[in-house]
Amino acid sequence: MTREKLTNTLAAIDDVNRQDPNTILLNGTSQVKELIYGQQMTDCLKKYWPEANELLQIAVRAQHIKRWQLKRTEFSEGKAGYYQWRIAQGKFHAELAASIMIEQGYATEQAEQCAAIIRKDNLKTSRDSQTLEDVACLIFLMHYFDEFSGKYTEQDNEAKIVRIVQLTWSKMSAQAHDIALGLTLPDHLAIIVNKALA
C-alpha cells in the first residue's frame, strides 16, 4: 500500500507541475519547467541517496511545486525582498505538498514531517533537510549553472558568479561536495568552480 501511496503522491505532484506555463529547452525540445525540475531532483536523489526514505522522496519531488504561483515581482526589490519571497515559496510548497499527501492517505503527522523537510527546518540538524538542500545544489550545478553563469559573464561580472558558487558550496554537506567534485563540468564552468574553491 505504501509503495502505491508514494507512486500516487509523486504522480499528483507531477500533475500540478505539468500546469507550469514556463518552459525550458532540453535536448532541443521545449519542456515544462517545473515538471522537469521535479524529475531531475528525483533522479539525483535515486542516484546518490538510493536509501532515501519515503518522506524525503516526496519532499525532493515537491521542492518547487507550483513555483510559478508566487512571483518574485510581488515582493520588494533587493536582498530582503528576495529572502521574503524564498521563505514564502518554501511555506507554499510545503503546505501544498502536505495537502496532496493527506489526499493520498498519509497521516497528518507524516505530511507535516514532509512539509518540515521542504521548508528546510533545522537544516544543520535534520539529515533529510540537508539532503534536500544537497540535491537542489547539485541540480543547480548539473543543469542550470551554465545558463545562470552566462548572465553574469555577459555583464563581465565573474566575481558575482564566483560568490554565488561559494554560497552554494557553503550550504552543501561533505558528501555533496564529494559528488560535486566528481561531476564532469564544461571547462568554462570548472574554471569558475575552481576559483570559488581556491
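Helix 4 supplies the largest share of the lining of the largest pocket, 11 residues. The model is predicted. The space in this largest pocket comes to about 2,100 Å³. Its lining holds 46 residues. Arg 67, Tyr 82, Trp 85, Arg 86 and Phe 148 lie nearest the centre. Two or more lining residues come from each of helix 2 (33-48), helix 4 (78-103), helix 6 and helix 7 (158-171). By residue class, the lining of the largest pocket divides into 19 nonpolar, nine polar and 18 charged residues.

The second largest pocket holds about 180 Å³ of space. It is lined by 13 residues. Leu 10, Thr 42, Leu 45, Lys 46 and Gln 57 are the closest to its centre. Helix 1 (2-17), helix 2 and helix 3 (54-61) each give two or more residues to this lining. Helix 2 gives the most, with five residues. Six residues of the lining of the second largest pocket are nonpolar, three are polar and four are charged.

Two asparagines were also examined for backbone angle and exposure. Asn 27 sits in the loop between strand 1 (23-26) and strand 2 (29-32). Its phi is near 50°, a positive value in a residue other than glycine. Asn 27 counts as exposed because its relative accessibility is 76%, and exposed means over 50%. Asn 122 lies in the loop between helix 5 (108-118) and helix 6 (127-154). Phi of Asn 122 is near 50°, again positive in a residue other than glycine. At 56% relative accessibility, Asn 122 is therefore classed as exposed.

Note on methods:
Residues are numbered from 1 along each chain as its sequence is written. This is a predicted model: local features need pLDDT of at least 70, side-chain atom pairs count only at pLDDT 80 or more; totals for chains, interfaces and linings use all residues. Side-chain values use heavy atoms; hydrogens and water are left out. Helices (H or I, at least four residues) and strands (E, at least two) are DSSP runs, numbered from the N terminus. Buried means under 20% relative accessible area, exposed over 50%, partly exposed in between (1.4 Å probe, protein chains only). On a 1 Å grid over the protein atoms alone, a cavity is a set of points where a 1.4 Å probe fits but cannot get out, and a pocket is an open set with protein on both sides within 12 Å along at least five of seven lines; lining residues have an atom within 4 Å of a point. Grid points are joined across faces, edges and corners, and a volume is the space filled by probe spheres set on the points. Ala, Val, Leu, Ile, Met, Phe, Trp, Tyr, Cys and Pro count as nonpolar, Asp, Glu, Lys and Arg as charged, and the others, Gly among them, as polar.
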